[in-house]
Amino acid sequence: MTPVTERDVQLLRDALGPLRDREKVAERLLESSAKHSFDPDRELDWDAPVEDGKWFWPPELVSLYDTPLWRTMSEEQRMELARHEAASLASLGIWFEIILMQLLVRHIYDKPVTSNHVRYALTEIADECRHSMMFARLIQKGGGPEYPVPRLYHNLARILKTVSTTPGSFAATLLGEEILDWMQRLTFPDERIQPLVRGVTRIHVIEEARHVRYAREELRRQMVTAPRWEREFTRLSCGEAARVFSICFINPRVYENVGLDRRQAVAQVRESGHRQEVMRSGAKRLTDFLDDIGVLRGTGRRLWKSSGLLA
């Protein structure tokens with residue numbers, strides 16, 4: 001296959017319009033990074049005590065919200081579940097960001113090291129390092145345990161990230177970023193929430209907006225320029241990543257740790273119309289985008305539907 005030059009790409013389009021120049025996109029993102037980047041160790045008050053009567057996660061985003069089991073729980077038990085689910089989501093975020101950093105390093109391995117595109121990728125990796133440390137510190141501050149993903153899926157991710165195509169890597173990046181971003185946008189303005197949690201989610205939302213832009217622009221480019229086999233494999237791997245992500249989203253040990261029956265809780269979450277709506281709403285902006293650029297097709301689309309993230 002003849003290599004695609006930058007000029008070739010400038011003449012190409014997808015369903016969203018002309019592809020943007022890679023270097024110009026990266027230049028704008030670097031400028032934004034210089035103006036709006038944060039050091040969580042200095043920006044946040046880690047020594048402030050946890051505030052009584054405030055949630056660690058919005059109740060409407062807690063997995064059991066509005067289920068029969070939720071209605072039997074005391075307010076104290078509901079808030080305790082929210083605290084554990086916040087720790088579970090922070091643990092999931094660290095896992096996904098470590099995967100993302102590996103994928104980004106692999107993406108730039110053969111790229112010109114002085115390009116804006118590579119400079120921005122390195123900037124994003126630095127952001128993700130800070131985010132992972134910030135989430136780990138939040139888990140410790142909240143007093144909750146770490147919630148690693150089950151060993152099966154931890155090892156399956158080894159395979160997925162090893163065989164991932166370049167467009168598959170950016171599709172997985174968006175999967176890990178956009179759903180949590182939607183939830184965090186509801187969290188940081190919410191005065192019911194612990195101030196530290198609001199601060200953490202605010203920093204993450206601001207910096208992740210750049211990461212999403214970078215990944216979206218590159219995925220659009222890849223879905224136009226990659227060979228057919230790579231696009232087809234991307235559709236399949238992205239669908240499988242969605243399935244794994246939805247399974248790992250909340251570690252079921254959170255239910256045991258607040259005194260609930262694990263099997264009963266998992267069953268009610270699975271049947272909850274409210275929870276299904278939350279997850280689909282969180283994924284909708286992403287699934288609309290992936291549909292527009294041709295990722296949600298065939299078996300991959302069926303996997304997305306089985307994940308519960310796509311109606």
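The lining of the second largest pocket has 10 nonpolar, 4 polar and 4 charged residues by class. The structure is a predicted model. This pocket has a volume of about 310 Å³, and about 620 Å³ of space lies in the largest pocket. The points below take the two pockets in turn.

**Second largest pocket**

- The residues that line the second largest pocket number 18, and those closest to its centre are Ile-94, Trp-95, Ile-98, Glu-146 and His-154.
- At least two lining residues each come from helix 5 (75–108), helix 6 (116–142) and helix 7 (151–163).
- Helix 5 accounts for the largest share of this lining, with 6 residues.

**Largest pocket**

- The space in the largest pocket comes to about 620 Å³.
- Its lining consists of 18 residues, of which Ser-246, Ile-247, Val-266, Val-269 and Arg-270 are the closest to the centre of the pocket.
- Sorted by class, the lining of the largest pocket holds 8 nonpolar, 6 polar and 4 charged residues.

Note on methods
Residues are numbered from 1 along each chain as its sequence is written. This is a predicted model: local features need pLDDT of at least 70, side-chain atom pairs count only at pLDDT 80 or more; totals for chains, interfaces and linings use all residues. Side-chain values use heavy atoms; hydrogens and water are left out. On a 1 Å grid over the protein atoms alone, a cavity is a set of points where a 1.4 Å probe fits but cannot get out, and a pocket is an open set with protein on both sides within 12 Å along at least five of seven lines; lining residues have an atom within 4 Å of a point. Grid points are joined across faces, edges and corners, and a volume is the space filled by probe spheres set on the points. Ala, Val, Leu, Ile, Met, Phe, Trp, Tyr, Cys and Pro count as nonpolar, Asp, Glu, Lys and Arg as charged, and the others, Gly among them, as polar. Helices (H or I, at least four residues) and strands (E, at least two) are DSSP runs, numbered from the N terminus.
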